[in-house]
Amino acid sequence: MNLGMHMAGKMVRGKIEIKKIENVTSRQVTFSKRRSGLFKKAHELSVLCDAQVAAIVFSQSGRLYEYSSSEMEKIIERYGKFSNDSFVAETPQVERYLQELKKEMDRMVKKIDLLEVHHRKLMGQGLGSCSVAELQEIDTQIEKSLRIVRSRKAELYAGQLEKLKEKERELLNERKRLREEQIRERLMRPVVPLTLQICDRGKTTEGGGSSDVETDLFIGLPVTRL
């Protein structure tokens, strides 16, 4: 029964997220428990493994808590001596690393200077000290650069020309569509038949006859006379 309750208690217990505890009371309780557990583990380590262990803890309020398996001063003194020895042993390696960095920096500065001089020469500056061979090399590089620039410019022109042709095709298609719509609209209009009219215009004499008759021929819609 007790074993079952113990197992149930273990199952219910979950992991605690490692972050700052905001509640002040809970933070103080946790600090006290964890500090005691830390010092207990330090003591076990020193006894089980015959090791010299020291732990120093300052609380949030600045209070000091410490544990040492032997005299704290001797452990701190030994730690300081070991740190100094390690620093002295690593000093040559650090110096060699700094020297390599300095050499690499000098090489990069020289490369930058050479690139700046070459750039000025390509721009036509500082050519007085150049030999014929150097001038020929600069001329070759400029010609090569010009070919690349011209090739790129030709590509851009070709692309723009293709866009203009595509725009022209779209305009022609639109014009064709509008013309077809106009033709369809004309075909859909109703057909009005033409009427042939002969209009007589003359003068009537007193004897009931007529003379001087004028005949006009009209082709078109019938005209209504009032």
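This is a predicted model: local features need pLDDT of at least 70, side-chain atom pairs count only at pLDDT 80 or more; totals for chains, interfaces and linings use all residues.
Residue numbers start from 1 along each chain as its sequence is written, and side-chain values use heavy atoms, without hydrogens or water. Local features need pLDDT of at least 70 and side-chain atom pairs 80 or more, while totals for chains, interfaces and linings use all residues.

**View 1. F31 and Y65 form an aromatic pair.** The whole structure holds two aromatic pairs (Phe, Tyr or six-membered Trp rings with centres within 6.5 Å; planes under 30 degrees apart are stacked, over 60 edge-to-face, the rest tilted). F31 sits in helix α2 (residues 24–49) and Y65 in strand β2 (residues 64–68), 34 residues apart. Helices (H or I, at least four residues) and strands (E, at least two) are DSSP runs, numbered from the N terminus.

**View 2. R35 lies over the face of Y65.** The distance to the ring centre is 4.1 Å. The criterion is NZ of Lys or CZ of Arg within 6 Å of the ring centre and within 35 degrees of the ring normal.

**View 3. Side chains alternate along β2.** Y65 and Y67 point to one face and are buried (under 20% relative accessible area; exposed is over 50%, partly exposed in between; 1.4 Å probe, protein chains only). Y65 counts as buried because its relative accessibility is 18%. F31, at 26%, counts as partly exposed.

**View 4. β1 and β2 form a hairpin.** Strand β1 (residues 54–58) pairs with β2 in the antiparallel sense over five bridges; pairing requires at least two DSSP bridges. V57 stands opposite Y65. Five residues separate the strands, and G62 in the turn has a positive phi of about 95 degrees.
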